[in-house]
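Here's a quick tour to read with the model open in your viewer.

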Amino acid sequence: MSDQMPVNAEEIMAVIERNDTARLRAWLKTCTSCGLCSESCFFYLANDNKPEFMPQYKARKTLGELIKNKGKVTRAQLEEMKEIAWARCTMCRRCSQYCPFGIEIAVMINVARQCMRTQNVCPDRLMTIDQSYVEFGNQMSIPDEEFVETCEWMAEEGQDRLKDLEIPIDKEDCNIMFVVNSREPKYYPQDIQEAAMVMHAAGETWTMPSHGWEATNLSMFSGNLKVAGEVTQALYDAAIKLRAKKICITECGHAYRAAKYEGPYWTKQPGGKAPVEVTHAVQLFHDYMKEGRIKLKHKFKEAITYQHPCNLSRSGDLGPVGEALMDMLCEDFIPMEPHAEWSHCCCGGGGFIPMGADYKRTRMVAGKVKADQIKKTGAKFVLVPCHNCTDQINDLNKEYSLGIKVMSFKELICELMELPPHMQPEGEGDE
Amino acid sequence: MYAFVNGPLVWIAFAVLVLGSLWQIVSLYKMSKRTDKVFYDHYNPGAAAGSVWAWLTPFGSRSWREHPGLTVGTFAFHVCLILVPLFALGHAVTLEFNRGLSWPSLPDPIADKMTLVFLAAALFLLIRRFAVPQVRIVTECRDIVVWVITVLPFLTGYLSAHKMLLDPDLMLMLHVLSGCLMLICIPFTKLAHVFLFFMTRAFIGSEFARRGTKTW
């Protein structure tokens with residue numbers, strides 16, 4: 001069994017050498033151990049300010065040890081590091097905002113994860129997912145045909161809600177190539193239907209690819225950047241093949257970060273830019289509303305707050321866009337404090353949700369910071385434009401008896417939008 | 001010994017400071033051309049400058065604002081650390097006597113008080129290292145060594161100016177010796193943050209700016 005396999009220090013060192021950048025060296029030479037990163041970290045805050053949870057310590061106990069020992073560590077040591085790199089950090093990057101030198105602990109944790117992944121030390125579920133990406137091109141082992149069938153089914157069923165609803169597959173020369181989280185075809189096909197309804201109502205020319213439709217990239221978090229690059233490449237290839245103007249990512253946080261910001265580097269794109277412009281459902285829906293392409297029956301009336309996914313609002317440019325969309329859709333939008341790029345991670349990110357039941361306890365403890373933030377707003381509705389945040393906040397709802405309802409933008413828009421007469425299904429015209 | 005310390009050693013120390021720092025900066029810069037494509041792809045001068053400036057200003061960053069005690073302590077420490085040696089009357093007089101250069105200076109009572117402020121701030125930072133658990137856990141021996149190296153020139157300078165504890169000439173020699181030690185250590189210890197600060201902040205400023213966000 002892999003437990004008995006000796007650790008291959010050379011493979012670990014190869015990862016470290018590949019990541020041996022001038023900025024990493026500058027960070028290691030600079031850090032004065034001032035401790036300012038501590039209180040930025042929700043793991044630290046939620047675990048009663050225990051010093052072992054402060055970010056610099058976590059980097060030191062993982063990547064620091066690997067560098068110091070030149071990769072010559074035991075499997076038991078790697079197992080210990082695993083419980084830090086995956087179970088005490090979601091790579092949310094909030095600590096780099098609090099560091100006087102802007103040191104990126106998250107990058108160091110990521111390098112540590114890559115090192116461990118070469119030795120197959122990684123939460124099991126994440127390794128299974130890597131394998132699923134290789135075999136099926138998505139994280140949930142869904143054959144492409146099944147995905148296409150699900151879309152056809154959802155289009156047909158959706159015609160009860162929107163007349164002549166279509167989900168175009170492999171249509172060329174569209175403005176938008178929409179890609180989803182494989183959770184949607186697997187467990188929440190309604191999500192696909194609702195996104196289709198919004199785009200259809202806005203008069204968008206759009207399509208979904210029959211291959212390269214998976215937007216998620218959990219290999220970014222497992223530390224298997226080879227697979228991460230392949231997943232992103234499949235996405236780019238599909239868009240290039242269909243000559244789509246833009247790739248639009250579904251309401252998912254890390255998928256946007258992977259496709260727009262990190263993917264270009266894994267796939268070695270010139271200038272660090274994706275070959276096809278990458279946008280996100282939050283941006284798309286925002287623009288529809290702003291341009292008046294979607295009309296509302298009325299705004300959402302109840303008090304509602306907004307969860308800023310780290311990968312959209314800190315590692316992405318959608319913080320203000322999400323808030324502007326909330327204002328256009330809701331009468332009583334109450335932001336959490338802190339919010340936007342300063343938002344706390346909910347502890348669903350960085351691979352945590354897919355890491356499964358083994359890590360649920362840890363996730364519930366660390367999620368307390370988010371639960372408290374939600375409670376403080378007093379709102380009973382939380383708009384969450386990210387799948388992992390959605391799962392986490394639903395779990396937090398039970399754990400901390402928040403009594404809230406989690407919604408997505410597409411769900412909310414479908415509830416509120418006024419369809420033009422020719423799109424209204426028969427028999428509902430004069431409701 | 002005295003002649004060496006107060007003569008050539010000072011020049012050696014300055015040479016090591018300048019050449020050592022240049023060597024560090026140039027070698028990191030050259031390496032970055034090869035390994036930090038992400039920085040050059042997205043370098044954003046405005047964000048880089050903003051990122052440096054916000055953090056050089058007391059309470060200029062969110063992190064400073066949320067930690068007012070440390071902000072006051074660390075700015076008092078650094079402002080005195082830079083101004084007192086640059087403009088101490090004793091230093092200006094030495095420069096004029098030896099090189100004929102006229103150099104602006106702070107009145108002695110002010111430099112004196114600033115030295116005391118510096119020593120108090122340094123003591124605060126040292127106590128914080130041990131009293132605050134999340135700082136203590138990451139404190140290493142070298143952090144203390146660097147602290148001692150930084151504090152010694154100020155302590156000996158104060159003692160020699162006030163002719164305390166030791167024979168003033170001997171104290172003065174210790175002052176120059178410890179000052180030289182600090183200058184020599186800057187490029188090769190954590191004190192390198194004197195110049196690395198600008199490089200790492202320029203990076204993170206640009207890195208967050210490419211995502212439309214910021215770190216202050």
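## Starting at Val282(A)

Skip its neighbours within four places in sequence, and Val282(A) is in contact with Glu251(A), Leu312(A), Leu318(A), Val321(A), Gly322(A), Leu325(A), Pro385(A) and Phe409(A). Contact here means that the C-beta atoms of two residues, placed from the backbone, lie within 7 Å. Is Val282(A) buried or exposed? It counts as buried, because it has 27 C-beta neighbours inside 10 Å. (The cut-offs: buried is 20 or more other C-beta atoms within 10 Å of the residue's own, exposed is 12 or fewer, and partly exposed is in between, with C-beta atoms placed from the backbone.) As for Lys82(A), 200 residues away along the chain, its C-alpha atom is 34 Å from that of Val282(A).

A word on the ground rules. This is a predicted model, where local features need pLDDT of at least 70 and side-chain atom pairs count only at pLDDT 80 or more, while totals for chains, interfaces and linings use all residues. Residues are numbered from 1 along each chain as its sequence is written, and chains are lettered from A and ligands numbered from 1 in the order in which they are written.

## Two helix pairs in chain A

Val282(A) sits in helix H15 (residues 281–290) of chain A. Helices (H or I, at least four residues) and strands (E, at least two) are DSSP runs, numbered from the N terminus. H15(A) packs against helix H17 (residues 319–329) of chain A at an angle of about 40 degrees, their axes 9 Å apart. Axes are lines fitted to C-alpha atoms, for helices over the stretch in contact, and angles run from 0 to 180 degrees between N-to-C directions. H15(A) and H17(A) are therefore oblique to each other; angles under 35 degrees count as roughly parallel, over 145 as roughly antiparallel, 65 to 115 as roughly perpendicular and the rest as oblique. On the H15(A) side the contact uses Val282(A), Gln283(A), Phe285(A), His286(A) and Met289(A), and on the H17(A) side Val321(A), Gly322(A), Ala324(A), Leu325(A) and Met328(A). By class that's seven nonpolar, three polar and no charged. (Ala, Val, Leu, Ile, Met, Phe, Trp, Tyr, Cys and Pro count as nonpolar, Asp, Glu, Lys and Arg as charged, and the others, Gly among them, as polar.)

Now for helix H13 (residues 225–241) of chain A, which packs with H14(A) at about 115 degrees, with axes 9 Å apart. H13(A) brings Leu225(A), Ala228(A), Gly229(A), Thr232(A) and Leu235(A), and H14(A) brings Ala258(A), Ala259(A), Gly263(A) and Trp266(A). Those residues divide into six nonpolar, three polar and no charged.

## Domains of chain A

Chain A is split into domain 1 (2–122), domain 2 (126–287) and domain 3 (295–417), with bounds from an automatic or database domain assignment. In chain A, 13 residues of domain 1 are in contact with 17 residues of domain 3. Helix H3 (residues 42–46) of chain A gives the largest share of the domain 1 side, four residues.

## Chain B and the interface

Chain B has 12 helices and zero strands. Of its 216 residues, 33% count as buried.

Where do the chains meet? 38 residues of chain A are in contact with 38 residues of chain B. On the chain A side, H2(A) gives the most, with seven residues. That side has 15 nonpolar, 15 polar and eight charged residues.
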